[in-house]
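Trainee: I would like to learn how to read strand pairing, helix packing and a chain-to-chain contact in a model such as this one. Could we go through it step by step?

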Amino acid sequence: MILEAREVRRLYGAYVALDGVSLAVREGEFVSIIGPNGAGKSTLINVLTGVLAPSGGRVRFKDRDIGGIGTVALTRLGMARSFQLVQIFPELTVLETLQAAVVSRLGLGSRFFASLASHGRVQSEALEVAALFNLQEKAHTLTRELPQGDKKLLDVASAFALKPEIILLDEPTSGVSTADKHAVMEILVGAAKRMGLRAIIQVEHDMDIVFGYSDRIIALHQGKVLADATPAQLEADAQVMDMVVGRRRGAQATSPAPHPALSPEGRGNSAEPLPPSGSGNPSEPWPPEGERAG
Amino acid sequence: MRTTVVLALVAVAIVALPLVAPAYYVTLMLPFMAYGVVLLGLNLLFGYTGLVSFGHALFIGIGAYTAAMLTTRFGIRQMELILLAAALAAAVVAAPVGALCVRYVKIYFGMLTLAFGMVFYTFLLKFYKLTGGDEGMRMLRPHLLGQSWEGLSKTAYLVGPYYYFSLGALVLATLLMWRIVRSPFGLCLRTIRDNPLKAESLGVSVPRFRWYAFMISAVYAAVGGALLATPTGNVDPTLAYWTHSGNIVFMVLLGGFASFFGPLLGAFVFIFLQDAVMSVFPYWRLVFGAVLALLVIFAPSGLMGLFARRLPVEVSRA
């Protein structure tokens, strides 16, 4: 168990945004949180990322209580996030953005007089992440000049550059054209595998993405967990599908998932966990030898 | 390459200036160099961290009064020691003031720094026995590099040893700041300037880094203030008055806060333009007000922004 929420409540005055939400994210899982507007998804993300303290219940990450501990502290513990509305540094280049994440992770921020440009590890790790997200050719482009899709990728890439154990993606494909959505997800899932992430949580509205990539789907409705099941189980539940998806998934639902998620043998297989972060999988070093040489 | 050539030419001109220019213009370079140090620090906060302080004259005042007090009350005349003490005094004051101010951003940060500046101004004005009230205090001639330079007249001292000492201090301050803005720390400051929410999500502790930047800029302002005290000869509370804070923000805007050397250009143009305008027209603030308005409307990136845009065109024509 990496991340666990137990009976989490969150009130805004008299309004109950989260009403006893319990969930658990296990090693190697790709979990999607879905639900209509007002279901409590944003509040749940803010509670899971330590921004908001729960009004009741507990949130634990790696066996530590993380309720309201704040973004910076949680980042240090190994959780990263990206945002629904793309967040970039307009006047920084792509490479500088990734360097900032590496600098932060290595704890180099208080080096007042060190030269950033000649710090080999910061340079090489930032370039490696740029390559994983197909941004290497734009490394020296100012972020504000990037097309929207690349901005979104960079937002996610910079969170990956923190080499987190778990990442929380808030609508990773929002603002990305329909044609590019799967490409973005492929890059993202590929990068997660290569970097040895232990789990991914995403909040997503696009049901093709949700059903295509998730090992498990958690459906929220009016601040409560309505369903916590595999995509196949969820599709079989007509009532829940109507409430949270708003429609029955048609032909796509019956076809097999087009993309395997985090687990190598396909979705729903959490028996074979990903290698733990940092140590890497000996059979699949990161970065691969071939790439390093090239 | 172009920058290196321009810098080398400027360096040669500044070093050679006392040998060729009239003493009057050479002495005008002294406040330029003192303000240069102040503005390098102010721009770490403004251009690199995105915080506009309207109270930085507070730290110029601390530097200048530390220098004057050490020479007149304590008989300490070594300029190196004076600069060190000014930096320490500023750090001691900036630590709590900065810790409070950096919790706020934009206009609230500006107003809070302004408020602290005015508190200090009133302190200087009212604590007559300690500060000399509105008359201020004399700044005695400091010793430089262990020498008293007693044999020199005041002008000879200022355009000779003191000129080169100030230049040395400015060069050192510039080199240090050049390292700072190109360090991992400098990168973290720029992430905070561009997007504090995103910076925090990358693990950058926004208040802590803003506080570091505030401390460094306060130390720079105090060192500049101490350097300014000698050519001024007498330090008084107007050094810490809010219009003085406004002037240095104006200098940064004039030169261009987006460029490393912009503020230095701003200080240079401000001082020489002020002198030129005052010699023909007593209402220099009227002219400067018009300049500021034109600047904001037509050249928000300052003089450096104009050069940067013009130069490639000229090069392509050549």
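Mentor: Let us begin with pairing, for which one rule is needed: two strands pair if DSSP finds at least two bridges between them. Please keep in mind throughout that this is a predicted model. In chain A, strand S6 and strand S7 (residues 166-170) run parallel and are joined by four bridges, and within this pair Met79(A) has Ile166(A) of S7(A) as its bridge partner.

Trainee: In what order do the strands of the open sheet in chain A follow one another?

Mentor: In general, strands of a sheet pair through backbone hydrogen bonds, and the sense may be parallel or antiparallel. Here six strands of chain A form an open sheet in the order S6-S7-S8-S3-S9-S10, with mixed pairing. Strand S6 (79-82) and strand S10 (224-229) of chain A are the edge strands, each pairing on one side only. If direction is ignored, neighbouring strands of this sheet are turned by 15° against each other on average.

Trainee: Which helix packs on that sheet, and which strands does the helix touch?

Mentor: Helix H1 (residues 41-48) of chain A packs there, touching strand S3 (29-34), S7, strand S8 (199-203) and strand S9 (216-221) of chain A, and the direction of H1 makes about 155° with that of S7(A).

Trainee: Where in chain A do strands form a hairpin?

Mentor: The hairpin is formed by S4(A) and S5(A), with two residues between them, and Lys62(A) in the turn has a positive phi of about 50°. Strand S5 (residues 64-65) of chain A runs antiparallel to S4(A), the two being joined by two bridges, and Phe61(A) stands opposite Arg64(A) in S5(A). Strand S4 (residues 56-61) of chain A also pairs, in the antiparallel sense and over five bridges, with strand S1 (residues 3-12) of chain A, where Arg9(A) has Gly56(A) as its bridge partner in S4(A).

Trainee: How many residues does each chain give to the contact between chain A and chain B?

Mentor: Chain A gives 30 residues and chain B gives 21 residues. Helix H2 (71-77) and helix H3 (94-106) of chain A each supply at least two residues of the side of chain A that touches chain B, and the largest share of that side, seven residues, comes from H3(A).

Trainee: What radius of gyration does chain B have, and how does one judge the value?

Mentor: One compares the value with that of a compact globule, which for 318 residues would be near 20 Å; chain B has 19 Å, which agrees. Chain B has 14 helices and two strands, and 48% of its 318 residues are buried.

Definitions and conventions
Residues numbered from 1 in each chain as written. Chains lettered and ligands numbered in written order. Predicted model: local features only at pLDDT ≥ 70, side-chain atom pairs only at ≥ 80, totals over all residues. Contact = placed C-beta atoms within 7 Å. Axes fitted to C-alpha atoms, helices over the stretch in contact; angles between N-to-C directions. Rg over C-alpha atoms; globule rule 2.2 N^0.38 Å. Buried ≥ 20, exposed ≤ 12 C-beta atoms within 10 Å, placed from the backbone.
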